[in-house]
Amino acid sequence: MAVLSIPEIKKKIHTFPKKNLIPLPTPLQRLENLSQALGGPNIYIKRDDLTGLAFGGNKSRKLEFIIQDALDKNADVIITWAAVQSNWCLQTAAVARKFGIKPILLLFKTYELPEEYDGNLLLDFILDADVRIREAEAGKVLRLDDVRGIIEEVENEVKEKGNTSYVAPIGGSMVGGSMEKPLGAISYVNAFIEILEQAEEQDLNINTILHATGSCSTQAGLAVGAKALGKDVHILGISVSDDKESVKEEVATIAQDTVQAMDLKISVKKEDMVVFDEYIGEGYGVMNKDVADALRFVSNQEGIFLDPVYTGKAMTALIDLIKKGFFKKEDNVIFLHTGGTPALFPNKFNLVDFLKK
Ligand SMILES: *Cc1c(COP(=O)(O)O)cnc(C)c1O
């Protein structure tokens, strides 16, 4: 197992070209009140909700690399897909517009929300994205295999008009479509280094990074970063959609692709990945009272808003794990805020109902 130094791994990341779209590093802040209210561990927050692009979020980091790839492939149309209130689709559309690329978004109704112009759907509309809403099985994140037929139809349509499309896989995660390298995960190897450097500056020894996991490249990138640098930092993924085993499998696949693409001399296995699926509730995008309470709790303690689909569920996990004694009092735990706050608004009725109870 060859462990690399930070400069060595940075050098490898620099071989993947990217656009600079976001002010990095994003802040790493101590959550004094929350840590006290929960009685330890020391909780810090990594503000990837502050990436400054289309309301921010983890997808901006990935898109710095992915948009460069699309430009290198001479694309003038980008096709992607996800759920109706997708943060990924919004961020992709915003970045695409910035570079004169037309965004086509296939939005699947994976959970019951009105199709009104609110949250990300409103923002997609302002961006004048070509939005196509489709029916889908409830509660699932859609993999490329689930949507291949529809994507091919749209690709053909674009080709017939004489344009060049780039198919960006959901979440910028799994290699596929037009993305031949795991660019999303590579951006999170970089984020791991960033966190480590900030922690060193603050004289902080990190034990854990906890975050919401969906299409799995955030977790894959962080896990590869930790392993490649030989750091004993636990990466805890809180699934918002699929069961533990399938998420671990997916994280491991993306991590292995990342190891290969970056030519790292390490091995990553499914068994190394830590995923909790106890906090999904009734499925992807379906809120519950615990999530609503967690959103209010964190806003009251810290003045920070989480989202109902991802970070709210990750926070219910953090709170529950603390209550169960999962962490030591002196541990330093980083909660990665991955963004998603526009989804608060289309969930307003549920949120208000739960909070009034
Ligand atoms: C996409 C997303 C995640 C999950 O990240 P993956 O890399 O897809 O696992 C977490 N939080 C928010 C707000 C997201 O939009």
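Predicted model: local features only at pLDDT ≥ 70, side-chain atom pairs only at ≥ 80, totals over all residues.
Reader: How much space lies in the largest cavity?

Author: On a 1 Å grid over the protein atoms alone, a cavity is a set of points where a 1.4 Å probe fits but cannot get out. Points are joined across faces, edges and corners, and a volume is the space filled by probe spheres set on them. Searching the whole structure turns up one cavity of 30 Å³ or more. The space in the largest cavity comes to about 270 Å³.

Reader: Which element gives the largest share of the lining of that largest cavity?

Author: Lining residues have an atom within 4 Å of a grid point, and here there are 26, with Lys59, Gly214, Ser215, Tyr284 and Tyr310 nearest the centre. Helices (DSSP runs of H or I, at least four residues) and strands (E, at least two) are numbered from the N terminus. At least two lining residues come from each of α3 (58-72), β3 (77-83), α4 (87-98), β7 (208-213) and α8. The largest share, three residues, is from α3.

Reader: Which residues come nearest to the ligand?

Author: A residue counts as near if one of its heavy atoms lies within 4 Å. A polar side-chain atom of Lys59 sits 2.8 Å from a ligand oxygen atom, and one of Ser215 sits 2.5 Å from a ligand oxygen atom. For Thr338, a polar side-chain atom lies 2.6 Å from a ligand nitrogen atom. Of the 15 residues around the ligand, the nearest are Lys59, Lys62, Ser215, Thr218 and Thr338.

Reader: And the largest pocket: which element gives the largest share of its lining?

Author: A pocket is an open set of points with protein on both sides within 12 Å along at least five of seven lines, and the largest has a volume of about 240 Å³. Among its 13 lining residues, Ala223, Ala226, Val233, Ile235 and Asp272 are closest to the centre. Two or more lining residues come from each of α8 (217-228) and β8 (234-239). The largest share, four residues, comes from α8.

Conventions. Residues numbered from 1 in each chain as written. Heavy atoms only, no water. Polar contact = N/O pair within 3.5 Å; in protein donor to acceptor, adjacent residues only side chain to side chain.
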